[in-house]
Amino acid sequence: MPEGHVIHRLAHAFNEQLAGHRVAVTSPQGRFAEEAARLDGQVLVGAEALGKHLFIEFEVPEPRLVHIHLGLIGKLRIHPVAAPVGEVRLRISDTRVAADLHGPQWCRTVTTTQRDEVHNASGPDPLRPDDDPLRVLARIQRSRRSIAALLMDQRIAAGVGNIFRAEVLFRHRVPPMTPGNRIEEATWLTLWQDLQHLMTVAVERGRIDTVAEEHSPEVQQRPPRDDPHGGEVYVYRRAGQPCLRCTTPVSTTSLEGRSLYWCDNCQHVR
C-alpha cells in the first residue's frame, strides 16, 4: 500500500499541472461513469492529501470532491495525454496531461462535510505542518498495543506505513514491541519529528531513504540496495541481513497481518 508521501506527491502534481484548468473527466472502465459525467468539463480547483487519502476538488455544487484511497493495489499516474491503457476507473485530463486511476480501494464523490469527517477520524499527518502530534499522545499512553502496531494505526499517525514505522523505530533504538503506555512524551515527539523529516525527504525524492551518511553504500563500500519497495533503508525487507550499524542479523515477525523488521541488538529492551 502506498505510504503517505506518495499521496502528497500526487496532490502536489495535481496542483501544479491541473489546478485551475477546465478538465475532461471520464470513466473508461465505466464504474465511475455517472459521477464522471457530472464533473466533466468543470474546473479542477485543487487537490489535498491527508495520510493515505486524496481529495480532488471541482468547481461544482456539492458533492464537489473526488475521494480516492489507493488501497493495496491502486495506482494513480499523471502522464502526457495518450489512449487509456488497462482498466481505468477514472481519467482526469486537459489537452496536455492525463491522470489515470487503476484499481483503487475507494473512488467516490463526497461533500466537504464528509471530507471533514475523514479529517476528524484521522490521526495527525507528519506532512501537514498544522497537525499536532500531541493530540494523540493520551490515546497512545492508554494503550497496551505495541508502538509498532500503533504507528500503523491511521487514527494515530496518518500516512505512516510499514517502511516508515520500521525505520523510525530503528533510527531511535525503540524496541518495536514497547507498549504504548510506556512511551514517554519526549520519545513520541522525537519519533514524530523524525517522521516529518523522513517523509518530507521522500516527497522530494519520490522514494524512501532513511540511512545516515555514515551507513551509506559509498561509506560502507557495499552494493546499493536494489528493491522497488524503497531506497536505502536500515531494516525494512532486510530480514537475515546484517544490521548496518552492528552487523546483527535483522529480525522479522508478523504483527497484525504485516511484516515487522528490527535489530535485536540496536533495539533491545532496556
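In the predicted model, the charged end of Arg245 sits over the ring of Tyr234, at 5.7 Å from the ring centre, a charge being placed over a ring if NZ of Lys or CZ of Arg is within 6 Å of the ring centre and within 35 degrees of the ring normal. The charged end of Arg108 likewise sits over the ring of Trp106, 4.6 Å from its centre. Residues are numbered from 1 along each chain as its sequence is written. In this predicted model local features need pLDDT of at least 70 and side-chain atom pairs count only at pLDDT 80 or more, while totals for chains, interfaces and linings use all residues, and side-chain values use heavy atoms, without hydrogens and water.

Four strands form an open sheet in the order β2-β3-β4-β8 with antiparallel pairing, where strands are DSSP runs of E with at least two residues and helices runs of H or I with at least four, numbered from the N terminus, and pairing requires at least two DSSP bridges. Strand β4 (residues 65-69) pairs with β8 over five bridges in the antiparallel sense, and His69 stands opposite Trp106 in β8.

Three aromatic pairs are counted, the rings of Phe, Tyr and Trp (its six-membered ring) being paired if their centres lie within 6.5 Å, and classed as stacked under 30 degrees between planes, edge-to-face over 60 and tilted for the rest. Trp188 and Trp192 form a tilted pair, 5.8 Å centre to centre with 50 degrees between the planes. Both residues lie in helix α7 (residues 185-205), four residues apart, about one turn of the helix.
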